[in-house]
Amino acid sequence: MPDNHGFPTDRAALTGQLFPDGIPELWSPTLVFYDENGTIDAARQAAHLAFMAPHVKGLLVPGSTGDAWEMGDEEALAALDAAIPFAAEQGVHLLAGALRPTPEATLALIGKILDHLRRRTGRDTAADAFAAARVRGVTIAAPTSAQPLSQEAIRDALEPVLSLGLPFAVYQLPQVTGNTMAPELVAGLAERHPNFLLFKDSGGRDEVALSGLMPQGVFLMRGAEGDYARWAKASGGPYDGFLLSSANAFPSQLATVLDHLRHGRPEAAGRCSAAVSAAVADAFAAVAELRHGNAFTNANKALAHAMAWGRHAADAPPPRLHAGTRLPRAVLDTVAESLERHGLMPERGYMEGGGRL
């Protein structure tokens, strides 16, 4: 029998224990900011999290946007560590990213996460350690392969991970893994594993959410960008919420889209959604030819640079990438022009005054 680590074995009970006030609608895989030595810039990271916190109540750390696939295990733990005190202070929920190319590497990182959280919190069970650190689950993805795997091979890779009994979010990310999980596969995993609580889909085809096959109680989150108003359940869409890299730059705007929909203002939601969608599309186009990092990270670091420094962004050093290079100034200028054009450039950035140039 798998060890449930102190967690309830019923999906509804587990969800209620982890999220007594309900699962937040808006999540983000937070960016990670680095200093000249390549370690986490604590002040910059804290300022960025504070910028998001009024609107984004759930963070994936680290996610693809936070360099999860490039980080070593110790770096991933350091990124999670940087978010834990902030989450406790601001009442934010955390998902710990265990995004690795093989089930063996995934299991190894999960083991390190469990050991680290127990040591950090001084709690014996995973359930108690998670609660003390405000970690609500672990995020995993299909294995990575050069050629697409069969659905059976993907299932066989994920089964032993889900069988650990921890609360899990499963992430559809074919842009990185090279593999797409069919609706029947995802639904079957969820049926067999009530600790599978959340499903994030960044694939852009939305087949799982649209299939209607997922069992009741699994929280569906869209990770693909654009046309946000259309996809929320409040407007008749299939998703319970969003886990968006763009929430690193547009937390208030995306929260406003959801608020408009909740209050029956679809036209206002559509206008806000369209502006953000256009700016995000421009940012992804601007970083398409970059060789370092991934598009999620690079586009959102460019957008977040403008949000941090406003109309003084050209005077601030370009943000450092995990590889040690910096975003090209031409990319930052292109993104700034787009934000001006779409009416989204702030007069004053969140780093101005309390930050440094």
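Rings of Phe, Tyr and Trp, the last represented by its six-membered ring, are taken as a pair if their centres lie within 6.5 Å, and planes over 60 degrees apart count as edge-to-face. In this predicted model, a search of the whole structure finds five aromatic pairs. One of them joins Trp231 and Tyr239 in an edge-to-face arrangement, with 6.1 Å from centre to centre and 65° between the planes. Both Trp231 and Tyr239 are buried.

A further pair is formed by Phe284 and Phe296, whose planes stand at 85° with the ring centres 6.0 Å apart, so this pair is likewise edge-to-face. Because Phe284 belongs to helix α12 (residues 266-286) and Phe296 to helix α13 (residues 295-309), the contact ties together parts that are 12 residues apart in sequence. Phe284 is partly exposed, at a relative accessible area of 23%, whereas Phe296, at 11% relative accessibility, counts as buried.

Charged side chains were also located over the ring of Phe33. Arg44 lies over the face of Phe33, 3.9 Å from the ring centre, and the charged end of Lys301 sits over the ring of Phe33 at 5.4 Å from its centre.

In helix α5 (residues 126-133), the buried residues are Ala126, Ala127, Ala129, Phe130 and Ala133. Viewed down the axis of α5, these buried residues fall within an arc of 165° and therefore line one face of the helix. The elements covering them include helices α1 (11-18), α3 (73-90) and α4 (103-121), together with strands β3 (93-97) and β4 (135-141). Just after α5, Arg134 adopts a positive phi of about 60°.

Notes
Residues numbered from 1 in each chain as written. Predicted model: local features only at pLDDT ≥ 70, side-chain atom pairs only at ≥ 80, totals over all residues. Heavy atoms only, no water. Phe/Tyr/Trp six-rings, centres within 6.5 Å; stacked < 30°, edge-to-face > 60°. Buried < 20%, exposed > 50% of the residue type's maximum accessible area, 1.4 Å probe, protein only. Helix = DSSP H or I, 4+ residues; strand = E, 2+ residues; numbered from the N terminus. Lys NZ or Arg CZ within 6 Å of the ring centre and 35° of its normal. Arc of directions from axis to C-beta. Contact = heavy atoms within 4.5 Å.
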